[in-house]
Amino acid sequence: MIVRLIWCCILCCLTACGSAVKTQDSSKSNAPGNCSAIEILVGFGIGGGTDTFARTLAQGMRADMGTPVQVVNITAGSGRGAFRELMKRPADGCTLLALTSDYLVLEAIHGDEVDLGQLTLLARAHAELGLLSARGDAPARWEDIVERARQDNRRVLVGGTGAKSFDRTAVDITLGASDIAYRYIPYNGTKEMQADLLGGRLDAVYDEYGVMKPLYEAGVATPLLVMSDTPLARLNTVPTATALGLEAAPAIWRGIGIHAETQETDKLRLAKATARALRSDAYVAYEKARNLDLLEGRLDGPAFAHALAQERGAFQAALKG
């Protein structure tokens, strides 16, 4: 009898302690009310750029909101699967979507599956400018690369990642309206593309500064053209597209969106948590380590939506053309 009474006391204490802990955790949470955890859907593989971005952001949001924030990779359809999954889930603020500039291409090509108008944008996290780069012993000016191809009676060969991709569209936006005869060569990965550049099988490649930086520093590649109207501070001698009379291509970016039907109070709460996470020490260190701090690319939700509206038109026109 005494043993039974002792066990009853222990069980009562454990139950009371467990309830107290649960109440304490709940009171610390800044997440939407029904969320025991928040998930960030990533439409690309583990270890890639967007996955790393989402996991770094999740770290800051977890600390800020006092709620588990998990990354879920859904690689089907190169981003389309993650978008579909977001749309299937309740609009309760518990699921976010890691967005990249590739979604502009997906929307233009697969508008029946991806409609960015169904999202509320919380923040654009960072932006990068694409460059055209040549082999280190090639002419150091874009105009000379073009002239050499003309003298050889051939098109300028430009490599990029993906056939129907952001890279392809950016190259077409910048070069398509010019009188430059060019051919875009699609690659599945950066390494193969760089090998063909260094092997002399390409005149130029399209990629970001952070990707090309090791080749620049080794002297085996040289930047020719920043495909923007904004020069890069670390490459202030490299001309912009607009300086050469070419069209500027949109920046490469990543950001966060949520189902548009989410309650406004939850959107505001998540937008504030996202903004604070983007200012966290861990996120700032991530940006610097990957050369994502060369351009001030951070935008709040409304500014992000305004920029996206302009880019959507440019991408749809380029892809239809």
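**Figure 1. Helices α7 and α8 cross each other.** In this predicted model, the axes of helix α7 (residues 190-198) and helix α8 (residues 209-218) come within 12 Å and cross at roughly 40°. That angle makes α7 oblique to α8; angles under 35 degrees count as roughly parallel, over 145 as roughly antiparallel, 65 to 115 as roughly perpendicular and the rest as oblique. The crossing of the pair α7 and α8 is right-handed (a crossing is right-handed if the near helix is turned clockwise from the far one by less than a right angle, and left-handed if anticlockwise). Look for Thr190, Gln194 and Leu197 on α7, which make the contact with Val211, Met212 and Leu215 on α8. Contact here means heavy atoms within 4.5 Å. Axes are lines fitted to C-alpha atoms, for helices over the stretch in contact, with angles from 0 to 180 degrees between N-to-C directions. Helices (H or I, at least four residues) and strands (E, at least two) are DSSP runs, numbered from the N terminus.

**Figure 2. Five strands make an open sheet.** Follow the strands in the order β7-β6-β8-β5-β9, and you will find a mixed pairing. Two strands pair if DSSP finds at least two bridges between them. At the edges stand β7 (182-187) and β9, each with a single partner strand, so one side of each has no neighbour in the sheet. On average, neighbouring strands of this sheet are turned by 35° against each other, direction ignored. Strands β6 and β7 run parallel and are joined by six bridges. Thr161, for example, has Tyr187 of β7 as its bridge partner.

Figure 3. Helix α5 (residues 142-151) touches β5 (130-135), β6, β8 (204-208) and β9, and its direction makes about 120° with that of β6. Helix α6 also packs on the sheet, where it touches β6, β7 and β8. The direction of α6 makes about 170° with that of β7.

Figure 4. Find Ser165 between β6 (156-161) and α6 (166-175). Is Ser165 buried or exposed? Ser165 is buried, with a relative accessible area of 11%; buried means under 20%, exposed over 50% and partly exposed in between (1.4 Å probe, protein chains only). A polar atom of the Ser165 side chain lies 3.1 Å from the backbone oxygen of Gly162, and the side chain of Ser165 reaches the backbone nitrogen of Arg168 at 3.2 Å. Leaving aside neighbours within four places in sequence, Ser165 is in contact with Val105 and Tyr184.

**Figure 5. Leu244 meets residues from elsewhere in the chain.** Leu244 lies in the loop between β9 (221-226) and β10 (252-259), and it is partly exposed at 27% relative accessible area. Which residues does Leu244 touch, not counting those up to four places away in sequence? They are Trp142, Glu143, Leu225 and Pro239. Glu143 is 101 residues apart from Leu244 along the chain, yet their C-alpha atoms are separated by 8.7 Å.

Figure 6. Ser78, in the loop between β2 (69-73) and α3 (80-88), has a phi of about 50° although it is not a glycine. Asn153, in the loop between α5 and β6, is not a glycine either and has a phi of about 60°. Asn153 is exposed, with a relative accessible area of 73%.

**Reading the figures.** Residues are numbered from 1 along each chain as its sequence is written, and side-chain values use heavy atoms, leaving out hydrogens and water. Local features need pLDDT of at least 70 and side-chain atom pairs count only at pLDDT 80 or more, while totals for chains, interfaces and linings use all residues.

Terms used:
Polar contact = N/O pair within 3.5 Å; in protein donor to acceptor, adjacent residues only side chain to side chain.
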